[in-house]
Amino acid sequence: MDKSKRQVVIAGNWKMNKNAEETKALLAEMTTAIKDADCKVLLCVPAINISTAVEATKDSIIEIGAQNCHWAANGAYTGEISADMLKSFGIKYAIIGHSERRQYFGETDKTVNMRALACHENGITPIICVGENLEEREKDITKDVIKTQITEGLANFTKQQLHNTIIAYEPVWAIGTGKTATAQQAEEVCAYIRELLGELFCPMCAQKVTIQYGGSMNAANAKELLSMPNIDGGLIGGASLKATDFNTIVESAK
Ligand code: PGA
């Protein structure tokens, strides 16, 4: 299948940045800067700002997503947010298993899988993050790491659920470091992810999946990364906090 038939998704990950007022101000800049796009444009904001962000972007092409969601429908999980709660705000996308969640909050492939399945049950597309750390890359075990993360993270998915899933390849060593994977390095792993999905589901199913690259993607390098045959979008941290930079990345996807 031709790359042009897959949905391109440029998603910002604001991480733990911007309070209510700053959210409104930055979204006013974003909605002014980003008026047309050939791709889906998404901003994943802190949960507490979802309501503000949904309101601020309601007349724009920007959609609001979440950065996490719990696997249970409800219950005694202090500090967590369910997929049903996200759905009630009209949220259709949630980042799941970001490396910072894995590193600092004990997220495992098992909990990634449970959270992603809860998303599917609620009509939310999980953006499942995978990626090796520097030590794993240096040991040349990147593909083994990715294979485990994909196999366990997407366990028990139906083909339809795969179709409603986005994979974000984010090498941990490239996140927030200014050290981007080269377009060739990123393409190699994204192509491997597609091959793996083909084996786990079916080759045609794999062809339809949007695979993003993330890790220091910015206004200067986005075009080259997005031109690669298996890179269908980006998950952008730092550069999604600046309207002009984020707009340039959106433009690069044209
Ligand atoms: P970065 O973050 O663009 O700041 O490297 C990407 C991410 O963590 O999703």
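Student: Which helix gives the most to the lining of the largest pocket?
Tutor: That's helix α4, residues 99-104, which contributes three residues to the lining. Bear in mind that this is a predicted model.

Student: What volume does the largest pocket have?
Tutor: About 530 Å³. Its lining counts 21 residues, and the closest to the centre are Lys15, Met16, Gln67, Asn68 and Arg101.

Student: And how do the residues of that lining divide into nonpolar, polar and charged?
Tutor: For the largest pocket, 11 are nonpolar, six are polar and four are charged.

Student: How much space lies in the second largest pocket?
Tutor: The second largest pocket holds about 200 Å³. It has 17 lining residues, and those nearest the centre are Gly176, Ser216, Met217, Gly237 and Gly238.

Student: How does that lining divide?
Tutor: In the second largest pocket, the lining has five nonpolar residues, 10 polar ones and two charged ones.

Student: OK, switching to strands. Do β2 and β3 run parallel or antiparallel?
Tutor: Parallel: strand β2 (residues 40-44) is joined to strand β3 (residues 62-65) by four bridges. Within that pairing, Leu43 stands opposite Ile64 of β3.

Student: Which helix makes a β-α-β unit with those two strands?
Tutor: Helix α2, residues 50-56, and the unit it makes with β2 and β3 is right-handed.

Student: What about β6, which strands are joined to it?
Tutor: Strand β5 (residues 125-130) is joined to β6 by four bridges, and the two run parallel. β6 also runs parallel to strand β7 (residues 210-214), again with four bridges.

Student: Which residues are bridge partners there?
Tutor: Ile128 has Ile167 in β6 as its bridge partner. On the β7 side, Ile166 is partnered by Thr210.

Student: Which way do the residues of β6 point?
Tutor: Ile166 and Ala168 point one way, while Ile167 and Tyr169 point the other way. In a regular strand, side chains alternate between the two faces of the sheet.

Student: Are those four buried or exposed?
Tutor: All of them, Ile166, Ile167, Ala168 and Tyr169, are buried.

Student: One more spot: where does Asp232 lie?
Tutor: Asp232 is in the loop between α11 (222-226) and β8 (233-236).

Student: Why does Asp232 count as buried?
Tutor: Asp232 counts as buried because its relative accessibility is 1%, and the cut-off for buried is under 20%.

Student: What does the side chain of Asp232 make a polar contact with?
Tutor: With the side chain of Arg194, at 2.8 Å.

Methods. Residues are numbered from 1 along each chain as its sequence is written. This is a predicted model: local features need pLDDT of at least 70, side-chain atom pairs count only at pLDDT 80 or more; totals for chains, interfaces and linings use all residues. Side-chain values use heavy atoms; hydrogens and water are left out. On a 1 Å grid over the protein atoms alone, a cavity is a set of points where a 1.4 Å probe fits but cannot get out, and a pocket is an open set with protein on both sides within 12 Å along at least five of seven lines; lining residues have an atom within 4 Å of a point. Grid points are joined across faces, edges and corners, and a volume is the space filled by probe spheres set on the points. Ala, Val, Leu, Ile, Met, Phe, Trp, Tyr, Cys and Pro count as nonpolar, Asp, Glu, Lys and Arg as charged, and the others, Gly among them, as polar. Two strands pair if DSSP finds at least two bridges between them. A crossover is right-handed if, with the strands pointing away from the viewer, the path from the first strand over the helix to the second runs clockwise. Buried means under 20% relative accessible area, exposed over 50%, partly exposed in between (1.4 Å probe, protein chains only). A polar contact is a pair of N or O atoms within 3.5 Å; within protein, one must be able to donate a hydrogen and the other to accept it, and residues adjacent in sequence count only if both atoms are side-chain atoms.
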